[in-house]
Amino acid sequence: MPTKPVSNSLAADQIGATAMVDEGMQIVKAQLASATVLPQKIWETQLAMASEILAFMGRRMQAQAELCAKLGRCKEIAQAVDAQQDFAKGFGGAYADEAERLSTLARKNMDAWTGVGAQYMSGWTGAQKAAA
């Protein structure tokens, strides 16, 4: 019985499968590389947001303390009403300003996250980007 020559070359269907595995491994490597950067960006975002919220709470507590001090000095009810009205006027604006600050901070941080992702995907092929 004649023997077939042994070949180390891959059949056409094996080449496609090997290429897919290689491409898949490249995607996994890129995702793992980005995983080391993304947690840092996540922490930076979380801490920046927490810092801003705590600073805002401090400002609001200071305003509340000033209101209490002002109310404590009132001799007539009209003075107390005026003090509360002044406090209420600043109240809405302070929250609107804070919402804007937090929104701006969130946008900046999302831009940073997007930049990190784009940096790691810039060298990928179209198929790798689609798979991600």
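Contact here means heavy atoms within 4.5 Å. The legends below describe a predicted model.

**Figure 1. Glu98 and its neighbours across the chain.** Glu98 sits in helix α2, which spans residues 77–121. Leaving aside residues up to four places away in sequence, Glu98 touches Glu52, Ile53, Phe56 and Arg59. The Glu98 side chain also makes a polar contact with the side chain of Arg101, at 2.9 Å. Is Glu98 buried or exposed? Its relative accessibility is 4%, so Glu98 counts as buried. The cut-off for that class is under 20% relative accessible area.

**Figure 2. Glu52, a contact partner of Glu98.** Glu52 belongs to helix α1. Its relative accessible area is 17%, so Glu52 is buried. Which residues does Glu52 touch, not counting those up to four places away in sequence? They are Arg59, Glu98, Arg101, Leu102 and Leu105.

**Figure 3. The Phe56–Tyr95 ring pair.** The structure holds three aromatic pairs. In one of them, the ring centres of Phe56 and Tyr95 lie 4.9 Å apart. Their planes meet at 85°, so the pair is edge-to-face. The pair links distant parts of the chain. Phe56 is in helix α1 (residues 12–73), Tyr95 is in helix α2, and 39 residues separate them. Tyr95 is partly exposed, with a relative accessible area of 41%.

**Figure 4. The Phe91–Tyr95 ring pair.** The ring centres of Phe91 and Tyr95 are 4.9 Å apart. The planes lie at 50°, so this pair is tilted. Both residues lie in helix α2. They are four residues apart, about one turn of the helix. Phe91 has 39% relative accessibility and counts as partly exposed. Which residues form the aromatic cluster? Phe56, Phe87, Phe91 and Tyr95 form one cluster.

Figure 5. Met57 is found in helix α1. Its relative accessibility is 47%, so Met57 counts as partly exposed.

**Figure 6. The whole chain as setting for the close-ups.** The protein chain has three helices and zero strands. From the N terminus, the elements run α-α-α. How much of the chain is buried? Of its 132 residues, 14% are buried. The chain exposes about 9,900 Å², and carbon and sulfur atoms supply 63% of that area. Among contacts with a separation of 6 or more, 74% are between residues 24 or more positions apart. The Phe56–Tyr95 pair, 39 residues apart, links helix α1 with helix α2.

Methods: Residues numbered from 1 in each chain as written. Predicted model: local features only at pLDDT ≥ 70, side-chain atom pairs only at ≥ 80, totals over all residues. Heavy atoms only, no water. Helix = DSSP H or I, 4+ residues; strand = E, 2+ residues; numbered from the N terminus. Buried < 20%, exposed > 50% of the residue type's maximum accessible area, 1.4 Å probe, protein only. Areas by Shrake-Rupley, 256 points an atom, 1.4 Å probe, with all protein chains shown as cover. Polar contact = N/O pair within 3.5 Å; in protein donor to acceptor, adjacent residues only side chain to side chain. Phe/Tyr/Trp six-rings, centres within 6.5 Å; stacked < 30°, edge-to-face > 60°.
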